[in-house]
Amino acid sequence: MGRGKLIVFEGVDGTGKSTQIGLLKQYLEEQGKEVVTSFEPTHGEWGRRVRAAAASGQRLEVQKEVEYLLRDRREHVQKVILPALTEGKWVLLDRYYPSMMAYQGATGEDVEEIRRRNEAFAPAPDMAIWLDIPVQEALRRVQNRGREKDAFEQANFLEAVARIYATMDTPWWRRIPAVGEVMETQTLIRREMITCL
Ligand code: TYD
């Protein structure tokens, strides 16, 4: 059995990553693939601390965020991602280290240093799907979910996050416009998958 594929979804909050992941999972299973879905930050101890702070409206100091999120990712890679890939499964992730490059990068950390620190232990994705929509539209969608915005979900900050996503240029990075209907976006994503199948 070959190594599985690691497909990562990225984008500012409210882009519809989880909906698109669910639809892609269905499609890949119809193609006979075994699919595992997961997300970061995880619900483990370190991911929980970062989420809890953001939900209370007050983010942690950025160096702390980096350290906690790296610990969270290290556990995730060891316990979930690498075992599934070794078993030949497809792993679909809602956020991974490009989120740290974009979010902690937008908070002032050096983007390339963040990349290096992550790639020292985290396998690079086979493909990262960046769901690109204007920040104002993304924030409208977050509000329509009927929950309070957390400390990450501020327009100026997310504009800075989006500017970093726009500079990413590794061979596995794909920009998908996500302003259309759900199935239109899904069709664009499935078209990209053909190069991985
Ligand atoms: P998110 O996927 O938006 O969680 P939820 O759907 O539960 O709101 O992730 C929570 C926040 O964590 C998100 O705003 C981005 C942030 N984040 C980072 O700042 N750095 C990272 O490395 C990761 C994985 C997430």
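Glu-112 lies in helix α5 (residues 111-119), where helices (H or I, at least four residues) and strands (E, at least two) are DSSP runs numbered from the N terminus. At 40% relative accessibility, Glu-112 counts as partly exposed, a class that lies between buried, meaning under 20% relative accessible area, and exposed, meaning over 50%, with a 1.4 Å probe and protein chains only. Glu-112 and Ala-128 are 16 residues apart in sequence, and their C-alpha atoms are 17 Å apart in space.

This is a predicted model, in which local features need pLDDT of at least 70 and side-chain atom pairs count only at pLDDT 80 or more, while totals for chains, interfaces and linings use all residues. Residues are numbered from 1 along each chain as its sequence is written, and side-chain values use heavy atoms, with hydrogens and water left out.

**Salt bridges**

- A salt bridge is a side-chain nitrogen of Lys or Arg within 4 Å of a carboxyl oxygen of Asp or Glu, and by this rule the count comes to 15.
- Arg-49 and Glu-45 form a salt bridge with an N to O distance of 2.9 Å, and because these two residues are four apart in helix α2 (residues 45-55), they are separated by about one helical turn.
- The side chains of Arg-147 and Glu-153 meet in a salt bridge of 3.2 Å, N to O, in which Arg-147 is partly exposed at 37% relative accessibility and Glu-153 is buried at 1%.
- Glu-112 returns here, as salt bridges that share partners join Glu-112, Arg-115 and Glu-119 into one network.

- On a 1 Å grid over the protein atoms alone, a pocket is an open set of points with protein on both sides within 12 Å along at least five of seven lines, a cavity is a set of points where a 1.4 Å probe fits but cannot get out, and lining residues have an atom within 4 Å of a point.
- About 670 Å³ of space lies in the largest pocket, a volume being the space filled by probe spheres set on the points, which are joined across faces, edges and corners.
- This pocket is lined by 28 residues, of which Asp-13, Glu-40, Pro-41, Arg-51 and Arg-95 are the closest to its centre.
- Helices α1 (17-30), α2, α3 (62-86) and α4 (97-106) are the elements that give two or more residues to the lining of the largest pocket.
- The lining of the largest pocket divides into nine nonpolar, five polar and 14 charged residues, where Ala, Val, Leu, Ile, Met, Phe, Trp, Tyr, Cys and Pro count as nonpolar, Asp, Glu, Lys and Arg as charged, and the others, Gly among them, as polar.
- Most residues other than glycine have a negative phi, and most peptide bonds are trans.
- Glu-40 and Pro-41 are joined by a cis peptide bond with omega of about -10 degrees, and Pro-41 has its place in the loop between β2 (35-39) and α2.
- Arg-95, in the loop between β3 (90-94) and α4, has a positive phi near 80 degrees and counts as buried at 11% relative accessibility.

**The cavity**

- The structure holds one cavity of 30 Å³ or more, and the largest cavity has a volume of about 30 Å³.
- Val-12, Thr-15, Trp-130, Leu-131, Asp-132, Ile-133 and Ala-162 line the largest cavity, with the largest share, three residues, coming from β4.

**Helix α6**

- In helix α6 (residues 135-144), the residues Val-135, Ala-138, Leu-139 and Val-142 are buried, and because the buried residues of α6 fall within an arc of 95 degrees when seen down its axis, they line one face of the helix.
- That arc is taken from the directions from the helix axis to the C-beta atoms.
- α7 (155-167) is included in what covers the buried residues of α6, with contact meaning heavy atoms within 4.5 Å.
- Gly-146, which follows α6, has a positive phi near 75 degrees.
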